[in-house]
Amino acid sequence: MDAEVFDEFPSPADELAGRTIAVIGYGNQGHAQAQNLRDSGCEVLVGNRDDEFRAAAQDAGFEVVTIEDAARRAQIMLLLIPDEVQPEVFRDQIAPGLQDGDTIVVASGYNVHFGLLDIADTVDIVMVAPRMIGEGVRDHYERRESVPCLVSVEHDASGRARGTALAVASGIGVLRGAVSSSVREEVALDLFSEQAIWPSIMAIFQAGYDVLANAGFSDDAILDELYLSGEPAEILGRVSRVGMIGQLGLHSKTSQYGQLTNLLRSGAFTDQMRERFAGVLNDQILSGAFSQDWSGSDTEPDADARIAALRKKAEATSLSVAERAVLDRWS
Ligand code: NAI
């Protein structure tokens with residue numbers, strides 16, 4: 001299914017004239033988006049709590065106010081604070097200052113899709129979700145290059161939400177690489193990548209390490225071969241330019257023959273993965289079970305404590321123990 005690619009490129013300064021944009025949060029995405037919007041001719045202020053990010057925004061020449069004041073003064077609010085703190089900050093500091101016809105812009109679909117922000121029906125909700133870290137969003141803007149981005153209108157109370165979404169995306173410098181999407185699609189793809197693809201890649205390295213270590217090879221040599229040399233990062237860099245199969249041409253003929261014969265023999269493994277991944281997508285992500293587990297209960301220990309407990313278990317695996325010893329020896 002092909003997504004809509006945008007072919008209208010509104011001038012952000014014209015389309016958003018007379019409206020103030022508040023960038024709430026000056027971290028990874030916030031610092032990049034605020035600077036890009038300002039350089040695109042928009043009226044931007046930053047809403048931030050009193051921490052080092054507030055000082056960084058002030059150093060960059062922004063007017064920085066409390067989040068409450070930003071919500072009262074601006075007509076367009078970009079929520080660029082961590083997803084897990086957004087519901088509380090929105091309820092206590094942003095919602096009281098919103099007016100009918102204001103726009104909330106999210107950079108991730110999570111809280112809107114799972115109904116964790118209680119946004120009045122009279123407020124527009126749009127998503128401008130760059131598929132890149134903030135540094136990249138800023139660097140590409142300065143080089144006049146676009147970055148991939150998902151854009152959607154989730155609620156159009158004012159009748160002008162689409163124009164606002166496209167103008168904000170244009171001001172951030174991501175409209176030319178953007179496709180039309182939805183919070184549901186953004187959150188499903190994002191969580192799928194995090195919960196199906198990356199844990200499986202880590203599990204593959206774990207299985208590979210165990211087989212090679214049991215065969216008596218040295219930890220240093222195994223981990224160098226698997227990933228500590230940085231070769232997988234080089235390969236993925238090539239993949240992003242010429243594709244998975246395209247990059248094979250850069251390897252020796254022995255390597256290509258070995259990779260291709262084994263890829264074409266891996267049908268049963270791929271079938272097992274498909275079944276497992278469908279379970280992650282349907283039963284864990286789209287059903288809301290993950291969101292309920294992670295965001296649904298006030299009685300759970302806080303996020304950092306939950307992650308610390310899981311990390312402790314992951315750090316006890318054979319791969320992790322070997323990795324620590326090798327990295328210590330090398331440092
Ligand atoms: P971040 O972790 O860099 O946010 C830091 C900012 O949040 C700082 O300004 C800090 O003062 C503020 N903050 C932190 N805790 C707070 C609290 N309890 N109350 C008030 N302010 C608080 O956030 P990041 O990574 O830029 O993410 C922002 C949004 O962008 C999220 O929705 C995220 O999913 C989305 N996003 C992030 C990407 C990334 O590369 N990090 C990529 C695309 C989207």
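User: Why does pLDDT matter to a reader of the coordinates?
Analyst: Where pLDDT is low, predicted coordinates should not be read in detail.

User: Where does A74 sit, and what does A74 touch?
Analyst: A74 lies in the loop between helix 4 (67–73) and strand 4 (76–79). Leaving out residues up to four places away in sequence, A74 touches T20, I21, A22 and L45. T261 is another matter. A74 and T261 are 187 residues apart in sequence, and their C-alpha atoms are 59 Å apart in space.

User: What share of the protein counts as buried?
Analyst: Of the 331 residues, 29% count as buried.

User: How is the protein divided into domains?
Analyst: Domain 1 covers 12–181, and domain 2 covers 186–229 + 266–330. The C-alpha centres of domain 1 and domain 2 lie 32 Å apart. Their contact takes eleven residues from domain 1 and six residues from domain 2.

User: Which elements give two or more residues to the side of domain 1 that touches domain 2?
Analyst: Helix 6 (110–113) and strand 6 (124–130) do. By class, that side of domain 1 divides into six nonpolar, four polar and one charged.

User: Which residues come nearest the ligand?
Analyst: There are 22 residues around the ligand, and G27, N28, Q29, F53 and S108 come nearest. Helix 2 (28–39) and strand 6 are the elements that give two or more residues to this shell. Helix 2 gives the most, with three residues.

User: What makes up the shell around the ligand, by class?
Analyst: The shell has eleven nonpolar, eight polar and three charged residues. Gly counts as polar here.

User: What does UniProt say about residues 1–182?
Analyst: An unreviewed UniProt entry annotates residues 1–182 as "domain: KARI N-terminal Rossmann". In the model, that span is 36% helix and 20% strand, and its end C-alpha atoms lie 14 Å apart.

User: How many helices and strands does the protein have, and what box do the C-alpha atoms fill?
Analyst: The secondary structure comes to 16 helices and eight strands. Along the principal axes, the C-alpha atoms fill a box of roughly 70 × 45 × 40 Å.

User: What share of the contacts comes from residues 24 or more positions apart?
Analyst: Such pairs account for 67% of the contacts with a separation of 6 or more.

Note on methods. Residues numbered from 1 in each chain as written. Predicted model: local features only at pLDDT ≥ 70, side-chain atom pairs only at ≥ 80, totals over all residues. Domains from an automatic or database assignment. Contact = placed C-beta atoms within 7 Å. Helix = DSSP H or I, 4+ residues; strand = E, 2+ residues; numbered from the N terminus. Near = placed C-beta within 6 Å. UniProt positions renumbered as here; feature names shortened; annotations may be inferred. Buried ≥ 20, exposed ≤ 12 C-beta atoms within 10 Å, placed from the backbone.
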